[in-house]
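These are my notebook entries on a structure that I went through chain by chain.

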Amino acid sequence: MSCEGLNPMPQARNFRRSPDEVMRLARMGCSHPTRLSFLRQLLRRMDTEGWRFDRPVWEIDANGVGRAVYRAIGPVRTYSLVAFAHDLPPEARSDRVIATAWDATFALFDGTPTAADLDRLKANVPLQEAGRISARELSLSRANRSVRLFDHVVERLANGMQPDAAMLLETGYLMRTTAVYGSGKFGAADRAAIAQRPELSAPFQAEMLSVWLTRTFTVDLVEHLARARGGSRAVRLAPELKRGLGVGNSTGLGMAPFVIRHPVLLNNWMLAREEALARVRAQTGVGANELAGFCVALKEARENADLWTSAHDLQRAKLVDLREGLARIASHVAQDWDQAAPYPWDELWRWGQNSLPMEAQEALLAAMLEPHGALIDGLGDCMDADEDTYFPINGAIRVGELRTIVQAQYGWALGIDYTQPAQCARFWYVSEDKLEPRLGERHCEPGAERELPLDTARQAAAFWLALRDQPGDLPVAHLLLEAPEHRPAVRRVQIAARHPFAEIRDNLISADMLPIDILRCKLAFFGATRFDPRSVRWVRISLFQGAPYPDQMNGDVHEA
Amino acid sequence: MKHDPMTNAALELSLSEIAALSARATRGAGRNWGEAEEAAEATCWLARAGLNWAAALLEVLQHPDADGACALRTGIALADSASLSGIPLNAQHRIDSPCFLLPFIARIADQTGQRIKLTAADMQVVIAPGACPMITGPLHMSGPTLVTITSCQRNSPPCPDWPQAHRGAVLATEYARLTQLMMAFTVPTSANSQAGAGAQGDDND
């Protein structure tokens with residue numbers, strides 16, 4: 001839904017960043033999670049509504065094989081994570097989508113599963129893509145152990161000792177998911193079937209709930225194995241160490257096209273975050289609580305940056321920028337920030353824009369949002385999208401109006417020469433083996449004729465050319481009869497006219513496009529931390545590090 | 001999705017699976033992306049209405065539209081023009097798969113806020129804005145048929161509510177054919193792409 005007409009702070013509009021600044025891949029690739037991120041929304045709701053949690057099934061043997069069920073019981077509905085633990089030989093352990101076996105597999109069940117449900121799921125969930133789930137399941141996922149750390153933790157706990165804290169911090173998770181499928185994939189319930197439920201209306205809430213409960217399963221599993229191995233000598237994982245563990249995630253190109261194919265949704269995510277920043281910048285003072293909260297957020301961001309490592313050169317350089325930038329922010333806040341200025345947060349933001357690298361600017365954004373929950377949390381309700389509303393093409397719109405829209409929203413795309421090899425170097429396609437999106441090299445790999453329509457900039461430019469010689473009063477319905485190949489571009493242009501943050505304003509088929517920039521933006525909206533690219537096409541991240549566990553949700557909610 | 005090719009039992013797909021399969025199969029059949037996106041939207045509408053979306057799509061895709069009888073193209077053109085010239089009242093079209101016109105007629109009903117009646121041989125369908133279609137007579141899935149589109153009396157019986165299910169059935173043979181079409185649009189993953197996606201490493205760290 002669009003909340004434009006309901007905006008309680010219209011004056012914030014004057015403080016919004018422009019899409020030309022925000023929607024560039026270089027900046028999107030510096031995104032940090034904020035309190036509007038989807039996992040944060042989930043935790044807030046569960047805490048506010050007093051959700052209860054239990055584990056009605058734990059049938060795991062001494063070798064760590066079996067099944068378990070975790071329930072999240074909300075005020076109206078119950079959701080259950082059904083977990084299957086497997087005995088996976090090391091040679092079968094791969095965290096890419098091409099794998100066929102995993103240490104653990106999961107489904108998020110809508111309600112409380114019966115024994116028959118569990119048997120049905122046991123026959124399908126471990127197979128993942130080769131199995132079949134039903135409309136009773138909201139997600140399907142799998143995870144592999146972080147072997148070195150997992151074994152170390154079990155060994156230590158079995159011998160009555162706590163694991164090495166440095167090792168835990170270095171890895172940050174006992175297991176990492178390698179795919180979390182929702183929204184109708186492999187037979188699961190469609191998004192449309194659950195989107196009206198308040199607790200699932202924000203994006204990816206079912207998937208986030210699944211991962212959060214998976215985190216508890218990973219800790220329960222190491223403690224169970226330690227007890228099985230060490231008997232009465234075994235101890236449980238210390239709460240402070242446990243809290244620092246998240247769930248890892250490996251993800252790749254498959255999730256990148258999503259944000260391109262869902263322009264209204266992307267707009268709503270970006271617009272909510274930008275509106276939040278604008279509202280903070282529009283404040284005319286700095287409250288004591290807000291200042292304290294900001295300083296805590298800054299301190300935690302610096303601690304996180306110190307622990308954040310990456311093997312990839314691109315990310316290592318960004319981490320240097322981030323650490324130096326955060327240090328400069330802390331220094332500026334302590335010594336030079338004029339909190340008596342008419343718009344003190346805006347002044348701080350403007351200083352950051354002029355003084356900080358992009359990576360630290362976006363970290364500053366996250367820290368500025370952190371203490372302003374009352375001001376911005378309601379924007380979370382604006383981050384879903386009724387995309388069907390925007391599907392029909394308005395055939396009555398005239399060529400002259402379309403020209404104006406294209407110039408305003410796609411000016412960035414019109415000056416590029418797409419015949420230059422570097423500007424059309426890539427093509428997106430669906431892979432034959434996994435039916436997953438992939439990125440090909442146009443000039444040296446076959447298949448470009450089967451390209452996906454993700455070349456948004458080139459399409460806009462071609463449509464611009466098609467408009468050039470047409471009369472201004474020609475309805476687009478008539479134009480499309482003669483030139484139906486422009487239909488996807490017409491739809492995107494019509495959407496962009498009302499959704500200024502709908503398009504990534506870069507050429508997505510150019511030689512220098514980095515898919516990890518798209519991934520980082522999307523994952524930051526999920527709430528992911530420790531972004532660690534393993535190539536320019538896939539990354540590892542962590543979810544829910546520092547977040548409470550189900551048994552800590554009543555009262556003590558220090559958010560992730 | 002696995003299925004037994006020796007049987008022709010109905011499989012159940014989610015709407016997102018229907019959309020993905022329909023778009024890719026339509027593209028694989030040689031249609032452009034605009035038509036592929038419209039076909040996906042249309043099959044989801046048919047599935048929600050409990051109609052045989054797969055048979056309707058296959059019927060559309062097996063005709064190259066040499067004579068302007070393609071329901072997909074006709075439907076797109078009619079829907080695009082609705083905001084320009086309203087309901088194409090009393091329009092007659094010779095259509096290969098009349099059933100596939102219904103989602104587009106529904107869109108016109110939504111855009112104009114009016115009930116519309118589509119007649120094709122013995123089949124009569126009334127579609128009200130936002131409502132599930134009310135169908136009388138045998139469904140006309142195939143064969144060139146003269147289709148008439150008219151406005152509908154306000155006092156005609158109310159259209160039924162949409163069923164709650166968000167699924168669609170497909171026969172195994174239809175699924176296999178659509179999958180075959182879809183595969184024509186896929187590309188073998190290159191070694192370079194596999195390596196960049198991390199496929200060469202293991203996960204024992």
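Predicted model: local features only at pLDDT ≥ 70, side-chain atom pairs only at ≥ 80, totals over all residues.

**Entry 1: domains of chain A.** The assignment gives domain 1 as 4-31 + 260-384, domain 2 as 38-252 + 547-552, and domain 3 as 387-498. I then took domain 1 and domain 3 of chain A as a pair. Their C-alpha centres lie 32 Å apart. Six residues of domain 1 of chain A are in contact with seven residues of domain 3 of chain A. I asked which element supplies the largest share of the domain 1 side. It is helix 11 (residues 263-281) of chain A, with three residues. By class, I found four nonpolar residues, one polar and one charged on the side of domain 1 of chain A that touches domain 3 of chain A.

**Entry 2: make-up of chain B.** Read from the N terminus, the order of its elements is β-α-α-α-α-β-α-β-β-β-β-β-α-α. Of the 205 residues in chain B, 52% are buried. I also noted the contacts in chain B with a separation of 6 or more: 72% of them join residues 24 or more positions apart.

**Entry 3: the sheet of chain B.** I traced an open sheet of five strands in chain B, with the order 2-6-3-4-5 and antiparallel pairing. Which strands stand at the edges? They are strand 2 (91-95) and strand 5 (134-136) of chain B; each has a single partner strand, so one side of each is left without a neighbour in the sheet. On average, neighbouring strands of this sheet are turned by 20° against each other, direction ignored. I examined one pairing within chain B in detail: strand 3 (residues 116-120) and strand 4 (residues 123-127) are antiparallel and share five bridges. In this pairing I located B:Lys117 opposite B:Val126 of strand 4.

**Entry 4: contact between chains A and B.** How many residues does each chain bring to the contact? I recorded 39 residues from chain B and 55 residues from chain A. On the chain B side, helix 1 (15-28), helix 2 (33-48), helix 4 (71-85), helix 5 (102-112) and helix 7 (191-196) each supply at least two residues. Helix 4 of chain B gives the largest share of that side, six residues.

Key
Residues numbered from 1 in each chain as written. Chains lettered and ligands numbered in written order. Helix = DSSP H or I, 4+ residues; strand = E, 2+ residues; numbered from the N terminus. Buried ≥ 20, exposed ≤ 12 C-beta atoms within 10 Å, placed from the backbone. Contact = placed C-beta atoms within 7 Å. Domains from an automatic or database assignment. Nonpolar A, V, L, I, M, F, W, Y, C, P; charged D, E, K, R; others polar. Pairing = 2+ DSSP bridges. Axes fitted to C-alpha atoms, helices over the stretch in contact; angles between N-to-C directions.
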